[in-house]
Every structure is written in structure tokens, then in C-alpha cells.
Amino acid sequence: MPQQVQGVIARAKGEPVSVETIVVPDPGPGEAVVAVQACGVCHTDLHYREGGINDEFPFLLGHEAAGTVESVGEGVTDVAPGDYVILNWRAVCGQCRSCLKGKPQYCFATHNATQKMTLEDGTELSPALGIGAFAEKTLVAAGQCTKVDPAAKPEVAGLLGCGVMAGIGAAMNTGEVGRGDTVAVFGCGGVGNAALEGSRLAGASKIIAVDIDDQKLEWAKEFGATHTVNSTREDAVERIRELTDGNGVDVAIEAIGLPQTYEQAFYARDLAGTVVLVGVPSPEMKVELPFIEIFGRGGSLKSSWYGDCLPSRDFPMLIDLYLQDRLNLGGFVSETIALDQVEAAFHKMEDGGVLRSVVVL
């Protein structure tokens with residue numbers, strides 16, 4: 001039977017969120033109901049509340065989550081009730097041209113649950129990134145559930161569902177940072193610090209963190225930064241060149257989504273170096289670069305979407321590294337909160353006072 005649970009709803013653009021009763025249907029074919037144990041407060045949820053993604057209000061927010069599968073629908077074989085899972089927003093189809101080429105991490109036909117969760121009056125909800133995990137339970141496509149070792153705490157494990165995976169993947173998957181490489185990361189919020197951590201895991205020899213906030217630069221040191229640059233006090237490109245024998249870095253990662261910092265990343269890389277954009281720009285933004293510089297510097301300009309991750313491959317591996325004390329996932333958790341504290345967490349995020357607030361249910 002459908003279940004009534006509590007969830008965090010954004011009803012209109014820019015309005016404070018509210019905790020309301022939602023109705024979660026029984027899982028249909030290919031679907032699963034997950035009892036959410038923890039969900040991180042990601043900037044993307046704030047974008048939804050502000051109408052920056054689309055205007056399909058009301059939204060059921062939350063997408064960076066871990067929990068336990070409660071029930072599954074017909075035809076589901078990859079997960080079963082009782083499985084401890086991290087939710088992902090890229091359930092690969094296995095049939096599109098990318099999947100058939102053996103590159104499912106670029107799947108062009110990812111999918112979500114077919115049925116809709118609703119408010120008590122029957123109003124259909126739009127779940128953030130097809131998940132909607134600021135709720136006691138949520139309905140997802142079974143492919144959005146990735147089994148991991150249950151020894152990992154849910155408030156930590158769930159962070160791989162979005163921001164931390166995006167940053168780690170930007171370094172390890174998209175940027176292909178290798179042993180001995182030099183790396184610069186522009187923007188040291190949650191995603192940027194995860195890119196620093198991914199660069200450290202990959203064996204980078206010099207990892208340069210760039211930001212305008214000294215507190216964030218201090219945090220960056222905890223995630224692998226060997227050098228820090230406050231770009232309000234010194235020219236970031238010049239300083240990066242000084243630190244790399246005048247050459248620039250092998251991989252420059254932009255984790256903010258601003259044209260100015262993307263341009264800095266472009267000029268801070270070595271010849272034949274790689275620029276990775278993982279920060280999310282707004283639609284009206286434009287970048288203008290001398291065409292001869294794009295040609296003459298060589299290398300690659302890449303975009304990283306969800307860290308080019310394949311959840312079934314990457315989540316279990318990263319959880320294993322965390323359990324071996326080789327991956328500092330716990331360092332991202334600034335505070336744990338209740339469902340009714342999500343609005344306050346948005347304000348803390350905007351003020352830059354936290355890396356991640358995590359709702360624990």
C-alpha cells in the first residue's frame with residue numbers, strides 16, 4: 001500500500017522550504033522504495049528552490065543520499081530488500097549508443113522511477129534529480145541504487161551520490177590525473193575539495209588550491225592541497241606558474257562555474273595540459289578566448305558531468321578506500337541536521353560556513 005511519510009518541499013521559486021506529508025507509492029516494475037538514512041544538502045537543491053533548474057514546482061528536494069532498500073518492483077534483480085545503497089541520478093539504460101559502445105558512464109538515456117510521489121491532495125511532485133531524498137522514504141528506479149559496504153556511515157556514504165563524486169571524478173576520471181602530475185583546483189567548496197582529494201588519491205605531486213576565502217583554503221589542506229593561493233591577494237595564474245617552474249599545471253580543474261575562473265584555469269595549465277570544467281555555469285554566461293591560444297597551447301578542454309562516474313564501478317571502490325582510511329569522506333561533513341533544518345542549511349551554504357550539512361533520519 002502507498003505510504004505517507006515526511007519530506008522537504010519547495011512549493012514556489014525563492015520561497016522557504018517546508019516539511020510536509022508526501023505519499024510514496026508501492027514500487028512498480030523496475031522501481032524500488034528506499035528508506036533514507038542520510039542526505040547531504042547540495043547546492044543543486046538550492047538551485048531547484050530558486051527555480052534555476054526548471055519551474056516544475058512543487059519539488060521534493062534532496063538527492064545526495066544513502067539508505068536501505070525497503071521493497072522492489074517486478075523484474076528488479078540487482079538489489080533486494082535490506083540492501084544498503086547509495087542513490088545515484090544516473091541509472092544507465094544499457095541500450096543507448098554510448099552503452100553499446102562500452103561507455104555506460106556517458107549513457108544518453110538515464111532514467112528515473114515511472115510513478116510519481118505526490119502530496120496528500122494528489123499533487124504530483126518533481127523529485128530533485130529524479131531522487132527526492134529529503135524524505136523518510138523515496139521511490140526511485142532500481143538502477144539508481146548502488147550497493148556498498150554497510151560498514152560505511154550513511155551520512156558519509158551518501159555524499160558520493162553527487163558533489164563528492166563529481167569532484168573526485170573530475171580529477172580521476174575526466175582529468176585523468178596521474179602519478180607525479182601537477183594540479184590546480186579553482187574553488188574550494190565541496191566539489192573543489194573533492195577534486196583535491198581525487199588528485200591526491202591519483203598520486204599528484206603538487207596540488208594547488210585557489211580560492212578567495214582563507215577558511216576554505218585551510219579546509220583545502222585537509223583534502224590534499226600542497227599549496228594554496230588566495231586570488232584576492234595575488235595573481236593566481238602567475239603564482240601557479242611560479243610553483244611549477246614557469247610551466248603551469250598538467251591539469252587545471254574549475255569547480256565554480258564562472259567565466260573568469262575558467263579563463264584562469266585555461267592560462268594556468270602547461271602546454272598540452274588539460275582543463276576540466278566541473279563547476280556549473282548559468283545559461284547566460286559566455287567565455288571568450290583567443291582562438292590561436294586554444295590551438296597553440298594544445299591539450300584538452302573537457303567538461304565533467306557527475307565526474308564521468310559509473311556508480312556501479314566507482315561507489316563501492318571509493319567506499320572501500322574510505323573504510324581503509326585512504327579517502328577523507330568524513331571531512332566533508334560539517335554538521336548533521338534534521339529535516340526541518342534544511343532551510344537554515346541553505347543559508348549556511350550561501351554564507352560559505354559549511355562544506356556539507358547532512359540530514360540524518
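Author: Six aromatic pairs occur in this predicted model, where rings of Phe, Tyr and Trp (its six-membered ring) pair if their centres lie within 6.5 Å; planes under 30 degrees apart count as stacked, over 60 as edge-to-face and the rest as tilted. One of them joins W89 and W305 edge-to-face, at 5.2 Å centre to centre and with 80° between the planes. This pair links distant parts of the chain: W89 belongs to the loop between β6 (84-87) and α2 (97-100), W305 to the loop between β16 (300-303) and α10 (311-323), and 216 residues separate them. Helices (H or I, at least four residues) and strands (E, at least two) are DSSP runs, numbered from the N terminus.

W89 is buried, its relative accessible area being 13%, whereas W305 is exposed at 51%. Buried means under 20% relative accessible area, exposed over 50%, partly exposed in between (1.4 Å probe, protein chains only).

W89 also forms a stacked pair with Y306, 4.0 Å centre to centre and with 10° between the planes. Y306 lies in the loop between β16 and α10 and W89 in the loop between β6 and α2, so their pair ties together parts that are 217 residues apart in sequence. Y306 is buried, with 3% relative accessibility.

Elsewhere, ring pairs join Y48, F57 and F59 into a cluster.

Residues are numbered from 1 along each chain as its sequence is written. In this predicted model, local features need pLDDT of at least 70, side-chain atom pairs count only at pLDDT 80 or more, and totals for chains, interfaces and linings use all residues, while side-chain values use heavy atoms, with hydrogens and water left out.
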